[in-house]
Amino acid sequence: MFVLEVILGLILCIGALLWWWQRSARLYWEKNGVSYIDGPPFIGALKDSMMFKKSFGELFLDIYNHEKFKDDPVTGVYFFHKPSLVIRHPELIKNILVKDFPNFIDRGVNSDPHDDGIGRDNLFSVKGQRWKTIRTKLSPVFTTGKLKNLFLLMMDVSKTLERKLQTEIGDIPKEYEMKEFASYFSTDTISICAFGVQANSLLNPNAEFHKNAKIAFDFKLKRAFQFCTCFFFPELAMFLRFAFFSRETNEFLRSSINYVMDERVKSGEKRNDLIDVLIAMKEEDSELFKGDTLVAQAAVFLLAGHETSSSATAFALYELARHPEVQEKVRKEIEDYIKKYGSIQYETINEMDYLNSVVQETLRLYPSLPFLDRICAPADGSDSYSLEPYHSFSIPRGMPVYIPHVSIQRDPKFYPNPLQFIPERFSSENRDSINQYAFLSFGIGPRNCIGSRFGYLQVKLALITILRYYRVEATERTPKSIEFAKKSLFVHSKEPLYMNLTRI
């Protein structure tokens, strides 16, 4: 009898705790006049995504488009134990990312505070003044002059891609899984441009750089849980000492990048690339820029650049296969450009207006990350940040805010017929009519993607090289529509993106 009473008592206590959590979560937002989307105790609105029943892209689409609250400028949620604010209003997005950026400098992501310097100190994750210093030091890699030099190296990789296709494709179409195929090109361009290393992924798909870049974002159940925890429950990630990248990936990055840097120092060669900048950073401030802090910058450039560019290229090819009339229009523009200039040139590549529109429309529909996140930390030392005149709520210091741009970029208020692939939205005639705070695939403001221009060049060169001589066509294995992969924080297709390339 006593044991039964104890069990019943525990059940009642647990039930009371769950009831209290639900009630206090709801009351927090109600008393602050903020619409609230609830979820199970201790996990909140993240339940389906953390259980891998729903992708994070779908999660933010559902929150953003909630039937009762979709017209509200902000909506409150609980992500695990923490109240968080989802932002919808473009003017609030402008304030947070640009106008009042000093109040929202940091992302919430965090990892093992002892042994994960690569995850903690890379430009994506690093915090505060340290972020400002690293960003300033890395910016020279992406000046126009440097990009012109890197463009020549990228053209060499394009020629390798062209030779590969000529060798592999004859009179019969050849089917490729385009995400994997595009990742070869991305790995080779990044490795040669950033590190001065010939990765040779196009010619050897099992080459070390490509294999390890692929592993970094190939999420099995445990790795997916750890990675998502770093974003949404960073305190737990720090306590359990989760790494941002896997230990295996960190070891590869550490050994490879340190080797390349050592060899560069020994040779005295100057290539004006990322490695030269990292060496200079170390020489200027050996205490701040040492060990994994240097490796971290190269790591995020390799891995994040690989992921974003290969995804954008693959999704662009997917949409072009589904819209042959758009594909033919791009091909005609490429042919006209080649007739005019004789070759692809850095100074004139942006004249291909329709190609640029195709890339931007692809990024609108399929941004690599489905959201942007920031932590409220008012620079004047105050306890909160006011949302007036758009809402009466003031964001308390330390609260995470989320900008679900995958949802914003599919909102009919900003993009009529948002699920349709319509490159003309971004034509030179229409571009100025687009609200710049409703297109955030590379972010905006001081903490935008530092390598966005490099990424655009990568994607454009891959598309030009393929479309100039080959038609992209759907096969029986091409998905009829895109369903987001549920185990990835990124916007990935659940189904492989198989397509044929046919020589023209």
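This is a predicted model: local features need pLDDT of at least 70, side-chain atom pairs count only at pLDDT 80 or more; totals for chains, interfaces and linings use all residues.

**Entry: two helices**

I looked up where helix H16 (residues 353–365) touches H18. On the H16 side I found Leu355, Asn356, Val359, Gln360 and Leu363, and they meet Tyr456, Val459, Lys460, Leu463 and Ile464 in H18. Sorted by class, this contact has 7 nonpolar, 2 polar and 1 charged residues. Next I checked the geometry: H16 and H18 pack at about 115 degrees, and their axes are 11 Å apart. I noted the crossing as right-handed.

**Entry: a sheet**

I then turned to an open sheet of 3 strands, in the order E3-E9-E8, with antiparallel pairing. Strand E3 (174–177) and strand E8 (470–474) are the edges, each pairing on one side only. On average, neighbouring strands here are turned by 35 degrees against each other, direction ignored. I found 5 bridges joining E8 to strand E9 (residues 498–503). Arginine 471 stands opposite threonine 502 in E9.

**Entry: arginine 425**

Is arginine 425 buried or exposed? With a relative accessible area of 11%, arginine 425 is buried, because the cut-off for that is under 20%. I located arginine 425 in the loop between helix H17 (405–408) and helix H18 (452–469). Its side chain makes a polar contact with the side chain of glutamate 361, at 3.0 Å. Leaving out residues up to four places away in sequence, I listed what arginine 425 touches, including Arg364, Tyr415, Asn430 and Ile434.

Key
Residues are numbered from 1 along each chain as its sequence is written. Side-chain values use heavy atoms; hydrogens and water are left out. Helices (H or I, at least four residues) and strands (E, at least two) are DSSP runs, numbered from the N terminus. Buried means under 20% relative accessible area, exposed over 50%, partly exposed in between (1.4 Å probe, protein chains only). A polar contact is a pair of N or O atoms within 3.5 Å; within protein, one must be able to donate a hydrogen and the other to accept it, and residues adjacent in sequence count only if both atoms are side-chain atoms. Contact means heavy atoms within 4.5 Å. Two strands pair if DSSP finds at least two bridges between them. Axes are lines fitted to C-alpha atoms, for helices over the stretch in contact, and angles run from 0 to 180 degrees between N-to-C directions. A crossing is left-handed if the near helix is turned anticlockwise from the far one by less than a right angle, and right-handed if clockwise. Ala, Val, Leu, Ile, Met, Phe, Trp, Tyr, Cys and Pro count as nonpolar, Asp, Glu, Lys and Arg as charged, and the others, Gly among them, as polar.
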